[in-house]
Protein chains: 8
Amino acid sequence: MDLAALKQILADVASGKLPVDGAVKGLSRMSYEDIGYAHVDHHRSLRKGFGEVIFGAGKTPEQVCGIMERMCDQETVVLVTRVTPEIAASVTGAFPGAVYHADARMVVWQKQAPENTGRGTIAVFSAGTSDIPVAMEAVLTARAMGNTVEPVFDVGVAGIHRLFGYRDLIEEATVIVVAAGMEGALPSVVAGMTGRPVIAVPTSIGYGAGLGGFAALLGMLNSCSSNVAVVNIDNGFGAGYMAACINRK
Amino acid sequence: MDLAALKQILADVASGKLPVDGAVKGLSRMSYEDIGYAHVDHHRSLRKGFGEVIFGAGKTPEQVCGIMERMCDQETVVLVTRVTPEIAASVTGAFPGAVYHADARMVVWQKQAPENTGRGTIAVFSAGTSDIPVAMEAVLTARAMGNTVEPVFDVGVAGIHRLFGYRDLIEEATVIVVAAGMEGALPSVVAGMTGRPVIAVPTSIGYGAGLGGFAALLGMLNSCSSNVAVVNIDNGFGAGYMAACINRK
Amino acid sequence: MDLAALKQILADVASGKLPVDGAVKGLSRMSYEDIGYAHVDHHRSLRKGFGEVIFGAGKTPEQVCGIMERMCDQETVVLVTRVTPEIAASVTGAFPGAVYHADARMVVWQKQAPENTGRGTIAVFSAGTSDIPVAMEAVLTARAMGNTVEPVFDVGVAGIHRLFGYRDLIEEATVIVVAAGMEGALPSVVAGMTGRPVIAVPTSIGYGAGLGGFAALLGMLNSCSSNVAVVNIDNGFGAGYMAACINRK
Amino acid sequence: MDLAALKQILADVASGKLPVDGAVKGLSRMSYEDIGYAHVDHHRSLRKGFGEVIFGAGKTPEQVCGIMERMCDQETVVLVTRVTPEIAASVTGAFPGAVYHADARMVVWQKQAPENTGRGTIAVFSAGTSDIPVAMEAVLTARAMGNTVEPVFDVGVAGIHRLFGYRDLIEEATVIVVAAGMEGALPSVVAGMTGRPVIAVPTSIGYGAGLGGFAALLGMLNSCSSNVAVVNIDNGFGAGYMAACINRK
Amino acid sequence: MDLAALKQILADVASGKLPVDGAVKGLSRMSYEDIGYAHVDHHRSLRKGFGEVIFGAGKTPEQVCGIMERMCDQETVVLVTRVTPEIAASVTGAFPGAVYHADARMVVWQKQAPENTGRGTIAVFSAGTSDIPVAMEAVLTARAMGNTVEPVFDVGVAGIHRLFGYRDLIEEATVIVVAAGMEGALPSVVAGMTGRPVIAVPTSIGYGAGLGGFAALLGMLNSCSSNVAVVNIDNGFGAGYMAACINRK
Amino acid sequence: MDLAALKQILADVASGKLPVDGAVKGLSRMSYEDIGYAHVDHHRSLRKGFGEVIFGAGKTPEQVCGIMERMCDQETVVLVTRVTPEIAASVTGAFPGAVYHADARMVVWQKQAPENTGRGTIAVFSAGTSDIPVAMEAVLTARAMGNTVEPVFDVGVAGIHRLFGYRDLIEEATVIVVAAGMEGALPSVVAGMTGRPVIAVPTSIGYGAGLGGFAALLGMLNSCSSNVAVVNIDNGFGAGYMAACINRK
Amino acid sequence: MDLAALKQILADVASGKLPVDGAVKGLSRMSYEDIGYAHVDHHRSLRKGFGEVIFGAGKTPEQVCGIMERMCDQETVVLVTRVTPEIAASVTGAFPGAVYHADARMVVWQKQAPENTGRGTIAVFSAGTSDIPVAMEAVLTARAMGNTVEPVFDVGVAGIHRLFGYRDLIEEATVIVVAAGMEGALPSVVAGMTGRPVIAVPTSIGYGAGLGGFAALLGMLNSCSSNVAVVNIDNGFGAGYMAACINRK
Amino acid sequence: MDLAALKQILADVASGKLPVDGAVKGLSRMSYEDIGYAHVDHHRSLRKGFGEVIFGAGKTPEQVCGIMERMCDQETVVLVTRVTPEIAASVTGAFPGAVYHADARMVVWQKQAPENTGRGTIAVFSAGTSDIPVAMEAVLTARAMGNTVEPVFDVGVAGIHRLFGYRDLIEEATVIVVAAGMEGALPSVVAGMTGRPVIAVPTSIGYGAGLGGFAALLGMLNSCSSNVAVVNIDNGFGAGYMAACINRK
């Protein structure tokens, strides 16, 4: 952390030269801590409204716990995504209050339940039963960020009348997340039924030429409905995060 | 299920305002049941002539059994594709009459043998011995949908005289399924010998630049015979289903 | 042409050793004519129920006319696809009765209107206005092959209620062709509404990541409706031809 | 248009059986007009809050004008994207009030300036000067949909201090659109500076391995900032439309 | 050129220390001439049995003529491939004896007709009429290198009986070149009929998912016949050159 | 097998109407045996000069043994490629004389050592030590087909002077096989040193952007030396087979 | 430009609180000028040792001239890359001292010849004559940045002895740029002959499966020589720039 | 080894005809040893300034140890990359002084610590914690080659202020290595802050559309900063090696 800058800001606040708002803005632009294998970004929640999230893939349980230790001091919610069962065991062992959601491969640690700060409801749809894990990652993320989330699973386009039972939800949600594999057609159909923003998340479910989710990804990018934007394959976390940002007052 | 709509339809039928044909059409357009992780589509067999099929990949044995339980009440045939041995064991344990076909990774459950409803014979060819599992998935699917199916295996283009022993079958079948890996040339050759529709199914068998079946897929899409249409890589189920639809009276 | 074989067949017919059916089958297996730059396949209409089609791309006007000259002697309908305006001018100049359809880049030459030989109606849908040329290629091909064809254009999934006005046509057609670009979602939705076979034809219409139709192609191959099979990008001719084969009695 | 349904709705409203809100909802779900080469979706502005947009690529000037004619009756703003100069000349000739923006390849027709209905400001950044056309398409679209838009051009990551002069705009905008070609890194950096949603639009600007914008697209999908979602390559229109949906109250 | 080495070799030959065979071998390993924009490889015909070939694409007419000027002094045959009409005009103007073959985009210059030095006949097949230009490039190259070449065009697998009229040629040729676009299936079928080596050359002819010849290329690489090796897309020159190398005594 | 045809041929031979040479040719065009999961091609060695080869991948040990049983009756050499250790154990257990070469994943069964029938020597190079398994597959195949084979390993272009110690072998071999991974540059360099045909076989050895051998494959297809043709990734068998065909007298 | 920061820095220098070195560093981190369609980065030459370069593609002549006008005030050398002849004419008309190099599609403007500041010589090789334009872009760039550059053209691996005449240059250069298309093998071979860093630049020269330079790019990335790093396809400018950075004292 | 050449060189040195410098150059061009499965390149350290490195993937422990045995006689440092734990155990067992670095999958064997021979400091950055293994491979390689290396981990662009704490290091390093996965944006940002050469190494860390590092690779190749060159995915070794070559005096 840039100590001099911090001192200057605090001195300026003390002397009345700098109003509190200005100090918050200044602080949000610079602070982090070097713990050797990571630079923990302590002021991210000031800057972005939500703390740093730990991407579990490729990290050892020790690294994850080490990073969490620093973060739990300063944050009220910490998420760990893409955790293996081993990482989950380490983390839930070391941090009471950490809960492992195996279906979404996530650990959620909360000091307390987050305050509901969203403008409205976030709807999360999955096209098939096999897409549920990705959709659940979005659901848990958006909830941890203080949103009301309404999940609906297995309403793909092969039996499109199932979707039509949810027209009211589609029209009333502030933002909609749609997880789909195979041809990834569901986001287009949902988006055609509303003027609300739709976050499409392709999943890697499907046969050979699904190309590990690439077919769904391309389908969604080429949506003929214009209120669709896309996140990476299987990135339910990103979809939930983006939806929460949109739903912020 | 949309109860109000159902009541209205039934009342209208009762009062004579709606003929039976109209009621069937109306019902075929809307019914499903929400069991949490799935929306079971009960009227699919009315709408499409065949019930919902369970895609096993990415589902737990419990989910598959739960979906089957609802379906067996209403259908006479249920197929489960892409099953692991664990799913197969659960299903065959729970549902007498369910048969596991390991070579095609399928479970077929039948209340009774299906009535033969096809216009003619469906021929299913495989280019090599290694393509048999995909071809068998097509054979079992088409049979479960009430068709006479004639399989012929290992007649690829590297020894094309083997194929010519089946000229009569090729000319007399109503529709032909051809499973091939490597360069995927067999469907073109078969299609050049007849005016019947050929459903080509690429398999993921082959060396490095086979790209997991993509080379065969591209070959089939670029067939210089025009009576060829293609389904996804290793999608024997889809090929059999499509053939059954074409063979329907 | 293999003269000896022909003589033998005819002698056998003359002497009563070979019934007429057998002679037809024998002839359908061997005849062609070498004109230097092409081997014209005269007996294709016997073998496949429809004569050879001339793929115009990469051929000179002289080559196209040369091939047509041989074919018009023996066929009642000749199609030329992917024609440039120059080829079209040459062909319509040289062959009265040849009609140029600029929107589908096709020339259709007919001795007389084809007899209607289909089992039922072929429906042809396009997702957008920009997909019409590909759809029209399918319409003209299927009509030339003796079918009743019902076209419906611009009913894509971004306003899916437009499609629902055609539910009766979808349920009653023997086979349905669906041309769509962008994400290629329309075939899945149509196929989910019926048990009839759907031939999906991706078009190259769309933005950058449409990859010249590849996104639509992948979408269609990964359709979650199983009564869908796919032909090559922009291959309206192939879709119409395949539909005609399926609709044959 | 489904006349019976319309009559029923109107009769129900007349008789007091249906409140006005219910009628609006019902109408938004079904109306369109068939003009042969297009099904004009008249009630899209009811359903989605903004009328149908005409995608100009692959349409003739006559088709564009024909569609516009129906739309101008019912809409207050009509956009035509991807227009050629010929289409632009036809449209601006036939429809006074239509303005051609050559740099964005768009025509904007307005009965009157749209009411400002957004929650806040939309910021639109371009990484380079060459990305301006795509960025301008986003700017014009969002403005036509009734938003305050603040454009900033040529602030790419190769001289990242240029971006830091806009920190206040980045923190205060409701939603940010970022257009970038080459490696597409700018959206990640911008998103790392704020908690607001960022819509990334890759452009096809760059050298060989830019793959026509695919490198930028992949870069954006793989952003390590989670408040980023992506639209198709060069799809400035979609980015502006999505931003407007997010900025809606 | 390494003058010292040349002098040493010649001195050694003069003094009887080095037999003529050794001198040839030594010389074949080192000689070239630097003309600024090219290093002309004068001893390639000693080393490889055939002189350097000029790849015309991306060169100016002046560069091509400049390189030819040096080569014509020392070679008896010079080929220029991928020539534009302008290059062809320059070259045929400057070098009497240079002949332009427009269909193969080649210029062939010969001091005299090459001696026939092959072991047997090279057969060159094309699948369609549109593949003839590529096939002709192979034919002209192999002839210029002193081979008897037998071309057969338009015998693709959609009417495979046409191919069977050439069984004797296929069995008797020393090596066979097969040019095919679309699915590229012809080389596999030909190779299955003989034990001779087949050089497959994919062409860029075909519909969208032909991917500019990539589908045919993959098909050929994945051939289930093992006596097939492949050269680059549209590389008729390389196929003819390789065939000539194989046919060399 | 087409019995009638066989009888006719034999009767004609008996009666002197058909010379023995003609009978051999006739027989080589038609014979196979259907054993359910395979159509064994008994006359392949007549037609192609070498018997059918069993591609082990995706077959069960029982299937491989079943096919071998039929083949060993009629052939003097049988190769099984891509065998797992289980298949190898089954085959070597059941067929004395079958030898398992683990490094090449092959089983070679021989009634007796093959007669040396080649025109000259086949040289087989590998670029690195890691490419040896693929190179060995080529060596064993060519030897089993009756050729003298000279292997040289680990002479890649990063230390190109190592290659130059083998100039005499390169110049004197009838045909050269070169296996290389990574950038696949070795075949070009070798081919530049000789006029002999070079069969390039890309291997899947390398870092990430090697794309499982695709980078090497593309490199070889784009070789600037024209006496190079390419087989599939890791297809050492095909390279050895092709080399043997070229080396045949 | 951030005026306050500038004033503070200058005041601090004036008062002796900040030494000159510190001021330079401070200034190099922040200055630019907003001219509407561009943010000209005036202090880039302080920060990076070389001024901003104008990427001409996708800019109008007016935009290029406008940017140049600001830059010529402050820089001694300005490069414009990827210029069309129209841009070149505008620029050379407006700025005396600007020179257009058509072969490299570059304009170079210099107040005076740059001082030679490199540690040694930069060698630039091209594999073929067709690669010269890309190589020349590297040569001109490195020269404009004050380096001695030695170009050698047309020494590709198909006649590798031509390269060996330049062994001394290869061993003595401080850094080597190698431009090559087709299989892109030359950088590996050059790098194997020296311990100096090699910058490889793939060119888009070649046949179909060269994939517009992608084959060469992959080849270079997979080089088995470790002293190779790669820049984008046809990016001669980047290669020259990188070489100049490496050659800086 | 070419014995005659060696003798000649030594004789010439002995007789005073050849100065020592000339002898070193001559020897550096030719020496290797054939040990059957490898051609060990003994004079590589003369030619390139660093000995041969053993690429462990695809080699057996025996092969690695065999190669090392020859190398340890002649080299002072030997690196083995991509080692499995089995290989590591064999090597460290057999060669005292060999150290296994599990995080970088490398074994480093040194006779003694290398002399520091670099011009300055090499900085190595990683974007995330998950990229550390690749970055460590670069660190260890450059250190083994005699350089001072300064590593900084987890400073990616999602919190770019963390990077700015290292501005002095960035400006003062002679060369900078940057390892990054996901979108690979970090090298562009770093390169924009300095005029020093940046070696970018993409890692395979990330979600689905990261394509195993390909997205990062493309991002880096398309960097808008020109002082960036790229090595293969996960190739930390190559990045460190290239940096060491650049840092050499």
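**View 1. Strand E10 of chain D is buried along its run.** All of the views in this set come from a predicted model. In strand E10 (residues 198–202) of chain D, five of the five residues are buried, so the strand is largely enclosed by the rest of the structure. Side chains in a regular strand alternate between the two faces of the sheet. Here Val198(D), Ala200(D) and Pro202(D) point one way from E10(D), while Ile199(D) and Val201(D) point the other way.

**View 2. E10(D) pairs with E9(D) and with E11(D).** Strand E9 (residues 175–180) of chain D pairs with E10(D) in the parallel sense, over five bridges. Within this pairing, Val178(D) stands opposite Ala200(D) of E10(D). Strand E11 (residues 228–230) of chain D also runs parallel to E10(D), and three bridges join the two. Ala200(D) stands opposite Val230(D) in E11(D).

**View 3. E7, H6 and E8 of chain C form a β-α-β unit.** The unit consists of E7(C), helix H6 (residues 132–144) of chain C and E8(C), and it is right-handed. Its two strands, E7 (residues 121–126) and E8 (residues 148–152) of chain C, pair in the parallel sense over five bridges. Phe125(C) has Val152(C) in E8(C) as its bridge partner.

**View 4. An open four-stranded sheet in chain F has mixed pairing.** The strand order of this sheet is E3-E4-E6-E5 in chain F. Strands E3 (54–55) and E5 (98–101) of chain F stand at the edges; each has a single partner strand, so one side of each is left without a neighbour in the sheet. For E5(F), pairing with strand E6 (residues 106–110) of chain F is antiparallel and spans four bridges. His101(F) stands opposite Met106(F) in E6(F). Helix H5 (residues 85–94) of chain F packs on the sheet and touches E5 and E6 of chain F. The direction of H5(F) makes about 160° with that of E5(F).

**View 5. Helix H10 of chain G packs against helix H10 of chain H.** Two packed helices are described by the angle between their axes and the distance between the axes. For H10 (residues 214–221) of chain G and H10 (residues 214–221) of chain H, the angle is about 105° and the axes are 14 Å apart. At that angle, H10(G) is roughly perpendicular to H10(H). H10(G) makes the contact through Phe214(G), Leu217(G), Leu218(G) and Leu221(G), and H10(H) through Phe214(H), Leu217(H), Leu218(H) and Leu221(H). By class, the contact has eight nonpolar residues, no polar residues and no charged residues.

**View 6. Asp154(B) has a positive phi.** The phi of Asp154(B) is near 65°, a positive value in a residue other than glycine. Asp154(B) lies in the loop between strand E8 (148–153) and helix H7 (161–164) of chain B. Its relative accessibility is 9%, so Asp154(B) counts as buried, the limit being under 20%.

**View 7. Arg82(H) has a positive phi.** Arg82(H) is not a glycine, yet its phi is positive at about 50°. Arg82(H) is placed in the loop between strand E4 (77–81) and helix H5 (85–94) of chain H. With a relative accessible area of 16%, Arg82(H) is buried.

Conventions
Residues numbered from 1 in each chain as written. Chains lettered and ligands numbered in written order. Predicted model: local features only at pLDDT ≥ 70, side-chain atom pairs only at ≥ 80, totals over all residues. Heavy atoms only, no water. Axes fitted to C-alpha atoms, helices over the stretch in contact; angles between N-to-C directions. Parallel < 35°, antiparallel > 145°, perpendicular 65-115°, else oblique. Contact = heavy atoms within 4.5 Å. Nonpolar A, V, L, I, M, F, W, Y, C, P; charged D, E, K, R; others polar. Buried < 20%, exposed > 50% of the residue type's maximum accessible area, 1.4 Å probe, protein only. Pairing = 2+ DSSP bridges. Right-handed = clockwise from strand over helix to strand, strands pointing away.
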